[in-house]
Amino acid sequence: MTTKLFGEPIARREDARLIVGKGRYLDDIGHGALGVAFVRSPHANARILDIDVSAAVEVAGVHAIYSYEDLDGAMAQPLPVLIPHPSLTAPRTGYPLANGSVSHVGEPIVMVVADDRYLAEDAAERIVVDYEFRTPVVGVEAAERADSAVHEDIPDNVAARLVQEFGDVDAALLQAPHTVSFTQTIERSASMPLEGKGVHARWDAVDESLRVYTSTQTSTSVRAAIATKLDLSLDRVEVIAPDVGGGFGVKIVHPWPEELLIPWAAIRLGREVKWAEDRREHFVSSAHERGQLQRITAGYDDEGRLLALDAHILHDHGAYTPYGIVVPIITSTQLLGPYRLANYRCQVDSVYTNTVIVTPYRGAGRPQGCFAMERTMDRVADDLGLDRAAVREINLIRADEFPWDNHLIFQDGRPLIYDSGDYPSMLDKLRDLVGWEGFEARRSAAAADGRWLGIGMALYVEGTGVGPYEGGHVQVLPSGKVLVSTGLTSQGQGHETAFAQIVAEELGVPIEDIEVHTGDTRRFAYAVGTFASRAAVMSGNAVALAARAVREKALRIAAEVLEVDAADLDIVDGVVGVRGDPGAVLPLSSVAVLSNPLRYAFDEASRAATQFARFASDDQPPVADDDEPGLEGRDYYSPVRSTFASGAHAVIVEVDPGTCAVTIEKYAVVHDCGRLINPRIVEGQIHGGVAQGVGGALYEVMAYDETGQLQNASFMDFLMPYVSEVPQRIDIGHQETPSPLNPLGIKGAGEAGVIPGSAAIAAALEDALGIRITSMPLGPSQIYDLIRAAQDGTAEMTLNSARRSQEEST
């Protein structure tokens, strides 16, 4: 097979193992381990007055019952604030087990360890906790009013007030020929991976070492957290992410209380201990995202050029802030999208509520920012009676204007500078792909049949490949097999395929000879994690650099053996050869043998590396001062700043006048993630992201009542799109503008599909109904209410719908 694989749409190598049931997930490990169940708070805001475990102790098979009073040392301290920020002036985090109070339904209070999970659950049901109830704060508007406080020492409920700005917004708005002000909301949602969180721990008391398996997106960071909180030497802790059944951001948070408590209990009990999250636990004790209220004012000229934008956003981060204010930072910076703007201000008030914590969920603040800017563009076009695509086009940054400095600070603490792109070309491709110019004829034909059609679009820019670094290790074994290791984890992104493609091309070996390992601190101890569309950019470039080091060494060794200049050599299909001389060849496996000078021969191949068989200079050591044994390389990639992918989505929807059901008639995507490693994987990422975007636009919402109870904490009540609800076909156009910031010229693609979903679908629904849409998601019931309100004269109609009605009557 050719080794020119970069850019080829080959099938994912990991799928054959996974689809036949040979995956190894967390719950496949430790079948003889003790089981764990938690007593979690049924109340959103309460003091804990007493915990009575007497009835639970009597259950046969119970090994231990722990509450906060049993914790000591660092375990009795609050969980860490992972990403401090100067604007985060009032951070709060919970404890591994609740310390005297609870701040959301689902907060862990008591941990029960028994022979198995069933017995642990039985015992947990017998534990009685007495509470003193307090008034809960639910929703950002309640948090803003501050009639009650989530944390008594933060009476205004504000954890952070983040302001990002440039130019003179007030003056520009005052001078603008036109202005518009509006308020809109995106409701809270959450990721729903097939596999919830889970932890298995085994303590070896003889050598005082701990091995932990956890379903995580960051094994190295979990390792550091466990070592710190359990007061263990880092070198005595191993953390391994087995096959992980989806993450979508919820598993980047670390340490979850369970990731500390399970190994802590394993050490205390001297037994293997395991916990696997059930679905209700995932709803009420993992993490949510999305929820924001946005108050926006925009100034613009007669042609639709945006002159100033002022956004005040209330961001719901739930009861605690373990992941800092990364989501508000991303919203405030990625809100700008692909547009030029001279005057901008975004203030995000990140507020406490008595609900589950909010941390990044696929998109991580970008869908909210895109919703703000793209709905602004639609408002401007509607006010001026202009084509919505034309308004966007006139505001786009041009291809010859890169790098484009936005004069803001991104989530990596570095300047928000777009590295490359061609946004006008992207918009042109999208219009052609969706049939933008011919849509009115299509709408008219549908209207004649009593069908309501609408079209919408949304553009975005996505910061990807955030630092600080990732590493890669490439080793050629004497068998010819190539081992590739990197510290970040995999949750279905196709790393085993993409990284193998990179190494195959860089090193010149068949992809069948490459074996990729991720998420195992035994193989690679230093890493950051898989999130923010960074794996391909960070680890992809790291393994490429490591492979280049291996290639250089292989050519040097082969040149000595073949007595030629290394510049005359090449590696094709795992064989080093002299260009133009088919007989002068040396298998890479033989080079690997020769790279390690041996005293002892274990087989015929290794004889070539022993002292009496190997050619070497008498005045040089077998291993040079600047060299080391083995044909392997290790390198790290650390970017100066993030690279920025971009994309544009357009959608045609049909609204059934009778049932108000929404059908997606056509969905088109143009995406630019720099050079494509594997177009098939990128398209798969886009398909999955679009499905999640449809869910966020039409179905998925975490419905809390005024007491802080989650009303739809099951798949019976929480709606997700099935295959029947997502587009049956997604038309995808690829655009490649290589990034100048990394050796491979690539950008991330993992979150692209989900970012513009709500904005594009809201625009299409608004176009179909002629009724102003200010809140997402929007299901049939909400659409019905909008239509009734329009009939009653209480809903705001779009100006474009009035113009269209006038044209039709004329």
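Predicted model: local features only at pLDDT ≥ 70, side-chain atom pairs only at ≥ 80, totals over all residues.

Biologist: Start with E277. Where does E277 lie?

Modeller: E277 lies in the loop between β12 (273–276) and α8 (279–285).

Biologist: Why does E277 count as buried?

Modeller: The cut-off for buried is under 20% relative accessible area. E277 has 10% relative accessibility, so E277 counts as buried.

Biologist: What makes the link between E277 and K197 a polar contact?

Modeller: The limit is 3.5 Å between N or O atoms, with one able to donate a hydrogen and the other to accept it. The side chains of E277 and K197 are joined at 2.6 Å. A second polar contact, of 2.9 Å, joins the side chains of E277 and H282. Leaving aside neighbours within four places in sequence, the contacts of E277 include G196, S285 and S286.

Biologist: Now I761. Is I761 buried or exposed?

Modeller: The relative accessibility of I761 is 0%, so I761 counts as buried. I761 lies in helix α18 (residues 757–769).

Biologist: Which residues does I761 touch, not counting those up to four places away in sequence?

Modeller: I761 touches V651, I664, V694, A697, L698 and M776. The C-alpha atoms of I761 and M457 are separated by 7.7 Å, with the two residues 304 apart along the chain.

Biologist: Why is strand β18 described as largely enclosed by the rest of the structure?

Modeller: Twelve of the 13 residues of β18 (residues 452–464) are buried, so the strand is largely enclosed.

Biologist: How do you know that β18 and β26 pair?

Modeller: Pairing takes at least two bridges. β18 and β26 (residues 643–655) have 13, in the antiparallel sense. G463 stands opposite F644 in β26.

Biologist: Next, domain 2 and domain 3. How far apart are their C-alpha centres?

Modeller: The C-alpha centres of domain 2 and domain 3 lie 44 Å apart. Domain 2 puts 16 residues in contact with 17 residues of domain 3.

Biologist: How much area do domain 2 and domain 3 bury between them?

Modeller: About 1,300 Å², with 59% of it on carbon and sulfur atoms. In domain 2, I677, P743 and L744 lose the most area to domain 3, together 39% of what that side buries.

Biologist: How many salt bridges does the rule find across the interface of domain 2 and domain 3?

Modeller: The rule finds zero salt bridges there. Seven residue pairs are in polar contact across the interface of domain 2 and domain 3, both residues at pLDDT 80 or more.

Terms used: Residues numbered from 1 in each chain as written. Heavy atoms only, no water. Buried < 20%, exposed > 50% of the residue type's maximum accessible area, 1.4 Å probe, protein only. Helix = DSSP H or I, 4+ residues; strand = E, 2+ residues; numbered from the N terminus. Domains from an automatic or database assignment. Contact = heavy atoms within 4.5 Å. Buried area = accessible area lost by both parts, 1.4 Å probe. Salt bridge = Lys/Arg side-chain N within 4 Å of Asp/Glu carboxyl O.
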